[in-house]
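Thanks for coming. I will go through one model today, starting with its aromatic residues and ending with a helix.

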Amino acid sequence: MKLLLAEDEMELSQALVTILERNQYTVDAVYDGEEALQYLSLDEYDAVILDIMMPKADGITVLKTLRQCGNHVPVLILTAKDEVDDKVLGLDSGANDYLTKPFAVKELLARIRAMTRSKNSSDNSVLTFGNTHLNRATFELSTPYGSLRLANKEFQMMELLMMDPVRLISTERFMEKVWGYNSEAEINVVWVYISYLRRKLSALKSNVQIKSNRNLGYSLEEI
């Protein structure tokens with residue numbers, strides 16, 4: 001499940017990313033409202049965690065803009081404000097839930113689960129190409145011959161490939177989306193994980209293979 005975290009406090013953002021990834025979420029972190037809107041216009045997310053007090057565009061502005069554009073992604077407002085009027089404003093602007101800082105991690109995770117429950121139960125939670133299925137809720141890659149649970153980064157890469165199988169995804173795109181802008185990982189780590197995924201597809205007797213296009217990227221094809 002893919003989340004967008006919009007939080008301008010760098011230390012809190014990094015801590016939340018670590019917690020969420022340990023709980024099997026894929027997370028993009030941004031630090032101001034304009035960047036949040038840009039990410040939301042370019043990618044699809046299962047839910048958004050949105051701070052109210054952010055530079056460039058505050059959370060309420062981001063939320064209202066989303067809803068005006070017809071984007072109904074579940075949104076959890078995360079803020080230090082605890083006045084009733086602030087909660088009402090957030091909910092009236094289109095938020096699905098509201099959590100006040102400081103908060104317990106267990107409560108945050110429970111609210112995310114509750115907010116995305118209907119999305120998890122929809123057909124959208126399973127991506128399919130050829131005889132191969134990727135369950136976004138359980139991280140399971142399966143075919144009629146069996147199933148394997150993918151590690152976090154394996155899942156993120158396979159999800160990117162299966163969301164648009166014929167589109168080429170560059171090595172740099174994988175690095176940006178899976179390891180992040182500030183990662184110290186070497187770019188050849190992408191090739192290593194592609195190799196892992198190819199072996200797992202082969203073990204499951206998948207009729208799908210990861211095709212490499214030299215200097216362009218990777219895509220899926222049926223065989």
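Phe174 is buried, at a relative accessible area of 0%; buried here means under 20%, exposed means over 50%, and partly exposed is in between, with a 1.4 Å probe and protein chains only. This is a predicted model, in which local features need pLDDT of at least 70 and side-chain atom pairs count only at pLDDT 80 or more, while totals for chains, interfaces and linings use all residues. Residues are numbered from 1 along each chain as its sequence is written, and side-chain values use heavy atoms, with hydrogens and water left out.

Now the rings. Rings of Phe, Tyr and Trp (its six-membered ring) pair if their centres lie within 6.5 Å; planes under 30 degrees apart are stacked, over 60 edge-to-face, and the rest tilted. By this rule there are four aromatic pairs. One of them is Phe174 with Tyr218, a tilted pair at 6.3 Å centre to centre and 55 degrees between the planes. The pair links distant parts of the chain, 44 residues apart: Phe174 is in helix 7 (residues 171-179) and Tyr218 in strand 11 (residues 217-222). Helices (H or I, at least four residues) and strands (E, at least two) are DSSP runs, numbered from the N terminus. Tyr218 is buried too, with a relative accessible area of 9%.

Tyr193 and Tyr196 form an edge-to-face pair, 5.2 Å centre to centre with 65 degrees between the planes. Both lie in helix 8 (residues 189-203), three residues apart, about one turn of the helix. Tyr196 is partly exposed, at 32% relative accessible area. Ring pairs join Trp179, Tyr193 and Tyr196 into a cluster.

How confident is the predictor? pLDDT is its confidence in each residue, from 0 to 100. The protein chain has a mean of 87, and 95% of its residues reach 70 or more. Confidence is lowest in helix 4 (residues 84-92), at a mean of 76, and highest in helix 8, at 95.

Last, helix 1. Which residues of helix 1 are buried? They are Ser13, Leu16, Val17 and Leu20. These residues cover an arc of only 105 degrees around the axis, so they sit on the same side of helix 1; the arc is that of the directions from the helix axis to the C-beta atoms. On the other side of helix 1, Glu11 and Arg22 are exposed. Just after helix 1, Gln24 takes a positive phi of about 70 degrees.

Methods:
pLDDT = per-residue confidence, 0-100.
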